[in-house]
Every structure is written in structure tokens, then in C-alpha cells.
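User: I am new to reading protein models. Can you take me through this one, feature by feature?

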Amino acid sequence: MTRVSDVVDALNRIAPFRSAYAGDPVGLQIGDPGDYVERAVVSLDRSVGAISRCGEAQAQLLVCHHPLLFRPLSTVTTTTLEGKAVLELARHGIAFLAAHTNWDCAQGGVNDELARLLGLANVKPFGDSGPSNETKLVVFAPVGDADRLIDALSSAGAGQIGNYSRCAFVGNGIGTYEPGIGTKPYIGQPGRRESVEETRIEMVVPNEKVTHVVRVLIEAHPYEEPAFDVIPLADRKPWPIARVGLLTAPISLRMVVGHANRVLQTKSMAWGDPERVVERVAVCGGSGADLWKSARDTGADVLITGECPQHVALEASDSGFAIISSGHYATENPGAKALADALKKAVPDVEWEFYDPESGLGGKPFFVREEW
């Protein structure tokens, strides 16, 4: 049977947790990793309706794009919405798993799905991503012990790159040392200088696993005093959050707004000349308006995002760049549905259900179609 930890591992493969923005609380937030999962619900938000639906479906897991716990709670009581949600989930034995900025950035995630729905071609990533939270581990070992050591380090959490595991670079060379009196060298004798053919092993390690991996290294290494380096990696941007692509044909900004409204079933606001010709479109679901300069730098004519503060709208429109605000829910909920589909494929033994609340409830807006 499938356990909560199996789903966590699958999500980490689909949308690696290390790609989340610094401080973004992704992963398992509530529940026992060892509990079994037969049914699960996926939703954009941990609304009252989503939690109730878990109870009705007798689901053991709720997976949401937006985390339940963004910061530590000093109390967990029914006097707050967070407390009520935590207690309700715990009361029914429902685990809670969040896939936030890691799913925004992931291939097939929120922004790839948004670009797909809008019919963009030649889609490429751009924009911000979280700083590197990985370390490079370099260790030297006798040639004959290299594979065994790589296996041990991999099992401890080293060498995971995207959907690839046990990733390592190896190269052979000569190591030299002179064991002191009282030592017990793996190769050689105390007091005699030695030269040994060794393998240099390099593997990436998530920062939060460095201590554990080093402990495993020391336990698994044949040397009494293994030589190794732990090297912090410079910030890098392997998982940009936003996407940019081409429309099938140039159209006016006014028509792009209408297209977004139809595809996303929303009512958008826009800033810019309604008749300007648009060909290249940038997208970032949710709160992505601050990326407008990065979008402009890609050659985009417009940025479609969820929400746009007035000062950003003013700055962008006065600079000659167009922004379309189509709603946080409308730009991210399709990505939540895509997450449900991805988890169905990754963990087929679990019965998955996507929860989409009624308009006006659970964070989903409703729109008045009639004129005032």
C-alpha cells in the first residue's frame, strides 16, 4: 500500500522541493509520513470546503498549492482559521502536503499550464527562482570502494538532480599520505609514506541533509580519517518561475484580454494601449506583477498574471509595457488541476480527486455579467 511518504517522494520528483523560494514552506506540513493513503484530494487552497470534501471522500491526504502554515503558530486553537484547519485535519487523520513555488517553477507546473491554456508556442522559462540551497560534497576514496560509497551517500540523500538519482562525478588520481604512530590505516603502515590510487567523488547535497550525509560518509568510508570538502554553491537560477511564448498570430492587446477571459473563465483588468499589437506573451500565475521588467527584457509585449498592485500598474504602463491581471485564482487553479493529473500518473495506487469549489466560496471568485 502507498504511504504518505511515498506521495511526498513522488511530489519531490515532480516538483523538487529544493526549487522552492527560500523560506517557502513546501512539503509535508501535517501528518504521519508512515500513514497509508488510499484516497487523496488536490485543491488550490486548504479551504473549509476542501477539508470537508476530504472527510466526505474518506481521503487520508489533502494536497494544496497554497501552504496551510506559512509561519510558526504560537497556538493551535479554534479561534483562528489556521488552527481550525489544523485541528480538523488532525481530527480526521488527514495529512496535508503543500506544493507552492516549487510547483510554480516545475516543468508542467502552474506557469507551463497557464502558457499551454493560452496557446503559446516556443515557450521558455524566465524570471526569478529561489537561491541555491545545495552544497557540493567532494570526497576521496580508494578506487575499489568508490561505488559502495556512492551508494551510501545516495541513500542518505546526496546526488539527487531533478528526476535523476545517484548522480556523481568521479575521476581517478593519486593520493599520498603518511600515517602517524598509533594510527590504523586502511592501506599502508604507520610511519611509512604511501601513494594510493584514489577516486575523487563529487555529489550535490541539499543543505538540510548535509549533516546527515557527512555522518553517513564518515561511517561508510574505509579510511580512519577520510578527506572530504563541503562546498556551498553560489546562488543560481535553474528553475525560473515564469514563462514566455508566442501567440499563433499577432493580435491587439484588447483581443488578448478577451482571449484570456475566455480561456481562464475570468474578467481581467489591463493596463496599456488597447490597440497595441501583441505577439510575445509572458505569464506568471498568482502574484507575478513584479516580474514585468524581466518580462520586458525577454521581448514580451505583455505580462499576464494574477494580480497587479496599482503602483506596479502605473510604473509599467508609464514605461510603455502592458500588464493583464486575470485573477489569482484563475491563473493558478488550472495548475492545481495539472498537479492532480501529475500525481495520478506518479502514484496510480491512490484514488485522486480534484476539488474545485463553487463560485464565491473557497477562494473562488464569482463575476457579475450584467451591466450595473
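User: Let's take salt bridges. Which side chain meets arginine 254 in a salt bridge?

Analyst: Start with the general idea. Side chains of opposite charge can pair when their charged atoms come close. Now the case here, in a predicted model. Arginine 254 meets glutamate 275 in a salt bridge, at 2.6 Å from N to O.

User: Where do arginine 254 and glutamate 275 lie?

Analyst: Arginine 254 is in helix 8, while glutamate 275 is in the loop between strand 11 (269-271) and strand 12 (277-284). The two are 21 residues apart in sequence, so their pairing ties those parts together.

User: Is arginine 254 buried or exposed? What about glutamate 275?

Analyst: Read the relative accessible area. Exposed means over 50%. Arginine 254 has 51%, so it is exposed. Glutamate 275 has 47%, so it counts as partly exposed.

User: How many salt bridges does the structure hold?

Analyst: It holds 17. One of them joins arginine 148 to aspartate 145, at 3.4 Å from N to O. Look at the accessibility of each partner. Arginine 148 is partly exposed at 40%, whereas aspartate 145 counts as buried at 11%. Another salt bridge links arginine 39 with glutamate 38, and their closest N and O atoms are 3.9 Å apart. Arginine 39 is partly exposed at 23% relative accessibility. Glutamate 38 is partly exposed too, at 39%.

User: Which residues are linked in a network of salt bridges?

Analyst: Arg53, Glu56 and Glu353 are.

User: Back to helix 8. How do I read a helix?

Analyst: Check its span, then its sides. Helix 8 covers residues 253-264, twelve residues in total. From first C-alpha to last it reaches 16 Å, close to the 16 Å expected at 1.5 Å a residue.

User: Which residues of helix 8 are buried?

Analyst: Leu253, Val256, Val257, Ala260 and Leu264 are. These residues span an arc of only 100° around the axis, which puts them on the same side of helix 8. The other side of helix 8 has Arg254 and Arg262, which are exposed.

User: What comes just after helix 8?

Analyst: Glutamine 265 does, with a positive phi of about 55°.

User: Now the inside. How do I read a core?

Analyst: The general idea first. In soluble globular proteins, nonpolar side chains tend to be buried together. In this structure, the largest nonpolar core has 24 residues. Among those with the most contacts inside it are Val42, Leu61, Trp103 and Trp352.

User: Which element gives the most to this core?

Analyst: Helix 1 does, with five residues. Other elements that supply at least two residues each include strand 2 (39-43), strand 3 (61-64) and helix 11 (328-346).

User: What is tryptophan 352 in contact with, leaving aside neighbours within four places in sequence?

Analyst: Its contacts are Val7, Ala40, Val42, Leu61, Val63, Leu343, Lys344 and Val347. There is also a second, separate core of 20 residues. Cys105, Val244, Cys308 and Ala316 are among its members.

User: Next, strands. How do I read their pairing?

Analyst: Take strand 8 (residues 194-206). Ten of its 13 residues are buried, so the rest of the structure largely encloses this strand. Strand 6 (residues 134-142) pairs with strand 8 in the antiparallel sense over nine bridges. There, glutamate 134 stands opposite proline 206. Strand 7 (residues 169-177) also runs antiparallel to strand 8, and nine bridges join them. Glycine 173 has glutamate 198 of strand 8 as its bridge partner.

User: How many bridges join strand 10 to strand 12?

Analyst: Six, and the two strands run antiparallel. Serine 252 is opposite valine 277 in strand 12. Strand 10 (residues 242-252) is also joined to strand 5 (residues 121-126) by four bridges, again antiparallel. Phenylalanine 126 faces alanine 242 of strand 10.

User: Last, the whole chain. What does its secondary structure come to?

Analyst: Eleven helices and 15 strands. Of the 372 residues, 46% are buried. The C-alpha atoms fill a box of roughly 95 × 50 × 40 Å along the principal axes.

Technical notes
Residues numbered from 1 in each chain as written. Predicted model: local features only at pLDDT ≥ 70, side-chain atom pairs only at ≥ 80, totals over all residues. Heavy atoms only, no water. Expected span 1.5 Å × (residues − 1). Buried < 20%, exposed > 50% of the residue type's maximum accessible area, 1.4 Å probe, protein only. Arc of directions from axis to C-beta. Salt bridge = Lys/Arg side-chain N within 4 Å of Asp/Glu carboxyl O. Core = buried A, V, L, I, M, F, W, Y, C linked by side-chain atoms within 4.5 Å. Contact = heavy atoms within 4.5 Å. Pairing = 2+ DSSP bridges.
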